[in-house]
Amino acid sequence: MATAAATIDSGKLPEAKAIDAFLAVALIALVAVVVRAIWFTPIDAMLGAAQKIFYVHVPSAIVGMYIGCGLLAISSIGYLWIKDERLDRLAESSAELSLLFMAIVLVTGPIWARTSWGTWWVWEARITSTLFLWLLVLGYLVLRGAVESAEGRARLSAVMGSLAALLVPFIHLTVRLFRGMHPGPVVLKPEAPSLPPEMRLTFLLALATFVLLFFALLRIRMRWAAVRNARLAMEAA
């Protein structure tokens, strides 16, 4: 591992900050978009105030599944190809954040469903497959903790990370392939967005904020992984 070797030669561990300017900006943006969604965005005429969960639920799904799992798959495939430790760290960090954002989806979804559908959970295709993907990513992280060899852990987890992301396109198509209670595409439907302009703007701001927050957390998580790997390499030397 090139990074660990360089750290051993220098005899110093890289620094990892718990918070930086990038994360601070993301947190401020998060507070601002929550304030806008709650107090300055109209209430949906049919779904009522509960519809405001949409501004957390949907951006979390997009970030957790498309960006998080997408980075997990790309970095895993890249590691299998060129065996770069940084790609393994990126895959691990992306998986943890993907698990976090999908957990937000699985928590906010039932809350919204209870008010809109009258039930906390429905075993329909999109909900079930999202839960299955969350369990696959959790299994990926459990696998990483179960293998002691660094190279073996990186290789096996890269294979699993590559395969787990294959479920994302299926989840995307479930509302068109199967009948269920989940609505079809609202913002990204081919014809035209269904949201009124003010709601659409709030959603886009929320999406941009969640993307910013994801990459701010990813940056810090990769620094922590670099420190951990360097420490382990120094202890083994």
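Predicted model: local features only at pLDDT ≥ 70, side-chain atom pairs only at ≥ 80, totals over all residues.
**Exercise 1. Judge the confidence.**
Task: Find the average pLDDT of the protein chain, then inspect residues 5–10.

Solution. Start with the scale: pLDDT is the predictor's confidence in each residue, from 0 to 100. The chain averages 86, and 84% of the residues score at least 70. Now take residues 5–10: their pLDDT is below 50, and beyond near neighbours in sequence the stretch has 8 contacts in the model. Contact means heavy atoms within 4.5 Å.

**Exercise 2. Describe burial and surface.**
Task: Work out what share of the protein chain is buried and what share of its accessible surface belongs to carbon and sulfur atoms.

Solution. Of the 237 residues, 42% count as buried. Buried means under 20% relative accessible area, exposed over 50%, partly exposed in between (1.4 Å probe, protein chains only). The accessible surface is about 12,700 Å², and carbon and sulfur atoms hold 70% of it. These areas come from the Shrake-Rupley method with a 1.4 Å probe; for residues, only the protein chains shown count as cover. Among contacts with a separation of 6 or more, 78% join residues 24 or more positions apart.

**Exercise 3. Locate a nonpolar patch.**
Task: Name the residues of the nonpolar patch that has about 460 Å² of accessible area.

Solution. The members are Val34, Ile38, Trp39 and Phe40. Patches take residues with over 30% relative accessible area and no salt bridge; like charges are joined within 9 Å, nonpolar side chains (Val, Leu, Ile, Met, Phe, Trp, Tyr) within 5 Å. Check one member. Isoleucine 38 sits in helix H2 (residues 21–39). Its relative accessibility is 44%, so isoleucine 38 is partly exposed.

**Exercise 4. Trace the salt bridges of aspartate 20.**
Task: Explain why the pair of arginine 219 and aspartate 20 ties together parts 199 residues apart in sequence.

Solution. First the count: the structure holds 9 salt bridges. Each is a side-chain nitrogen of Lys or Arg within 4 Å of a carboxyl oxygen of Asp or Glu. Arginine 219 and aspartate 20 form one, with the closest N and O atoms 2.5 Å apart. Arginine 219 lies in helix H8 (residues 197–236) and aspartate 20 in the loop between helix H1 (2–10) and H2, so the pair links parts 199 residues apart. Aspartate 20 is buried at 12% relative accessibility. Next, arginine 223 meets aspartate 20 in a salt bridge at 3.4 Å, N to O. Arginine 223 is also in helix H8, so this pair ties together parts 203 residues apart in sequence.

**Exercise 5. Follow a network.**
Task: Decide whether arginine 144 and glutamate 92 are buried or exposed, and name their network.

Solution. Arginine 144 and glutamate 92 form a salt bridge with closest N and O atoms 3.8 Å apart. Arginine 144 lies in helix H5 (residues 125–146), glutamate 92 in helix H4 (residues 85–116). Both residues are buried. Salt bridges with shared partners join Asp88, Glu92, Glu96, Arg144, Arg221 and Arg228 into one network.

Note on methods
Residues numbered from 1 in each chain as written. Heavy atoms only, no water. Helix = DSSP H or I, 4+ residues; strand = E, 2+ residues; numbered from the N terminus.
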